[in-house]
Amino acid sequence: MILMNLLVGLPTMLICLSLQATVTFWAVRFYINQVHNNTTPGWLGRGVGPLLVVMVLLMLGNFIQITLWGTLFLTLGEFTQLYDAIYHSGVNFTSLGYGDIVMSHHWKMLGPLEAANGVLMFGMTGAALMAVLQALIKAQIRERVKLD
């Protein structure tokens, strides 16, 4: 039973990692292009605005992964409604662990696998946001030094 959970869960985790890595790459690339090519003055146009877009893109990547796991649960017959499957997936992915909905004994180990996946993906999201924020701070310092 554990082997079957691993055979289903690990490839799903790899798909999620690939998805989040791709979203992160494009989000950071977007930010770099906005900061270096945007002539809009002010902090919103050249700094915080693009940072907010990056944050939304990264969280959208996480939500797509939650939906992917929820769809997997639905496909495995654990849920009859997509909403319940995505809700349960979100609880697992965020490691919230309400426990109000529990999967069957056969697929129960997918929950901890998804939770581990979510912790890793939120870590990647946080790291990417931190890198973008550091780039924003460095750009602000460079701009400030030019003005002085």
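The following is a conversation about a predicted model and its residues.

Modeller: Residues are numbered from 1 along each chain as its sequence is written, and side-chain values use heavy atoms, with hydrogens and water left out. In this predicted model, local features need pLDDT of at least 70 and side-chain atom pairs count only at pLDDT 80 or more, while totals for chains, interfaces and linings use all residues.

Biologist: Is Thr12 buried or exposed?

Modeller: Thr12 lies in helix α1, residues 2-37; helices (H or I, at least four residues) and strands (E, at least two) are DSSP runs, numbered from the N terminus. Buried means under 20% relative accessible area, exposed over 50%, and partly exposed in between, with a 1.4 Å probe and protein chains only. Because its relative accessible area is 9%, Thr12 is buried.

Biologist: Which residues does Thr12 touch, not counting residues up to four places away in sequence?

Modeller: A contact means heavy atoms within 4.5 Å. With residues up to four places away in sequence not counted, Thr12 touches Leu68, Trp69 and Leu72.

Biologist: Is Leu3 buried or exposed?

Modeller: Leu3 also belongs to a helix, namely α1. Its C-alpha atom is separated by 9.8 Å from that of Met109, 106 residues apart along the chain. With a relative accessible area of 58%, Leu3 is exposed.

Biologist: Which residues does Thr24 touch, not counting residues up to four places away in sequence?

Modeller: Thr24 lies in helix α1. Its relative accessible area is 12%, so Thr24 is buried. Apart from residues up to four places away in sequence, Thr24 touches Leu58, Met124 and Ala128.

Biologist: How is Met124 placed, and which residues is it in contact with, leaving aside its neighbours within four places in sequence?

Modeller: Met124 is found in helix α4, and a relative accessible area of 24% makes it partly exposed. From C-alpha to C-alpha, Met124 and Leu51 are 16 Å apart in space and 73 residues apart in sequence. Leaving aside neighbours within four places in sequence, Met124 is in contact with Leu17, Gln20, Ala21 and Thr24.

Biologist: What separates the C-alpha atoms of Leu57 and Thr24?

Modeller: Leu57 is in helix α2, and at 31% relative accessibility it counts as partly exposed. Not counting residues up to four places away in sequence, Leu57 touches Val23 and Ala27. Leu57 and Thr24 are 33 residues apart along the chain, and their C-alpha atoms are separated by 8.1 Å.

Biologist: Which residues form a nonpolar patch on the surface?

Modeller: Patches are made of residues with over 30% relative accessible area and no salt bridge; like charges are joined within 9 Å, and nonpolar side chains (Val, Leu, Ile, Met, Phe, Trp, Tyr) within 5 Å. A salt bridge is a side-chain nitrogen of Lys or Arg within 4 Å of a carboxyl oxygen of Asp or Glu. Accessible areas come from the Shrake-Rupley method with a 1.4 Å probe, and for residues only the protein chains shown count as cover. With about 400 Å² of accessible area together, the patch is formed by Val53, Leu57, Leu60, Phe63 and Ile64.

Biologist: What is the relative accessibility of Phe63?

Modeller: Phe63 has its place in helix α2, residues 43-75. Phe63 counts as partly exposed because its relative accessibility is 46%.

Biologist: What separates the C-alpha atoms of Phe93 and Phe63?

Modeller: Phe93 lies in helix α3, and at 0% relative accessibility it counts as buried. Not counting residues up to four places away in sequence, Phe93 touches several residues, including Asn62, Ile66, Trp69, Val119 and Phe122. Phe93 and Phe63 are 30 residues apart along the chain, and their C-alpha atoms are separated by 9.4 Å.

Biologist: What is the phi of Ser95 near?

Modeller: Ser95 is placed in the loop between α3 and α4, the latter being residues 110-147. At 41% relative accessibility, Ser95 counts as partly exposed. Its phi is positive, in a residue other than glycine, and is near 60°.
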